[in-house]
Amino acid sequence: MSSMWIAVIGTSAIAFGLKYFGHSVPEKYLSHPRALRINTLIPIALLSALVAVQTFANKSALVIDQRVAGMTVAVIALMLKAPFPVVVLGSAAASAAVFHLL
């Protein structure tokens, strides 16, 4: 068995264990107001980090390219409270336009 498969199986076992033992946490710890606030902010922080990495990174290099234009259009559309399809299509159109200009 290669080291890659050992890493995959080990990571899967750890993820399963964390999920399994997470169900045994007492309710009093999960219903605490601080824990509730933190748990509502974790997905937002993770998604924001993913968007930032996908926008400004190319492998291990920091890049400024057409993705920044698309992100700028998306942020402006969201600030103007545009519907989600408008945000996505506007961002894609801006990215494509800048890509073809460069």
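**Fold, surface and selected residues of a predicted model**

The structure is a predicted model, in which local features need pLDDT of at least 70 and side-chain atom pairs count only at pLDDT 80 or more, whereas totals for chains, interfaces and linings use all residues. Residues are numbered from 1 along each chain as its sequence is written, and side-chain values use heavy atoms, with hydrogens and water left out.

The protein chain contains 5 helices and 2 strands, these elements being DSSP runs numbered from the N terminus (helices, H or I, of at least four residues; strands, E, of at least two). From the N terminus on, their order is α-α-α-β-β-α-α. The radius of gyration of the protein chain, 20 Å, is well over the 13 Å that the globule rule gives for 102 residues, so the chain is more spread out than a compact globule; this radius is taken over C-alpha atoms, and the rule is 2.2 Å times the number of residues to the power 0.38. Along its principal axes the C-alpha trace spans about 55 × 45 × 25 Å, and buried residues make up 11% of the 102 residues.

Ile9 is found in helix α1, as is Ile6, the helix covering residues 3-22. Both residues belong to a nonpolar surface patch of about 710 Å², which is made by Met1, Met4, Trp5, Ile6, Val8 and Ile9. Such patches are made of residues with over 30% relative accessible area and no salt bridge, nonpolar side chains (Val, Leu, Ile, Met, Phe, Trp, Tyr) being joined within 5 Å and like charges within 9 Å.

Ser95, in helix α5 (residues 84-101), counts as buried at 16% relative accessibility. Leaving aside neighbours within four places in sequence, Ser95 is in contact (heavy atoms within 4.5 Å) with Gln66, Arg67 and Gly70. Arg67 also forms a salt bridge with Asp65, the closest N and O atoms being 3.1 Å apart, where the term denotes a side-chain nitrogen of Lys or Arg within 4 Å of a carboxyl oxygen of Asp or Glu. A search of the whole structure finds 1 salt bridge.

Terms used:
Buried means under 20% relative accessible area, exposed over 50%, partly exposed in between (1.4 Å probe, protein chains only). Accessible areas come from the Shrake-Rupley method with a 1.4 Å probe; for residues, only the protein chains shown count as cover.
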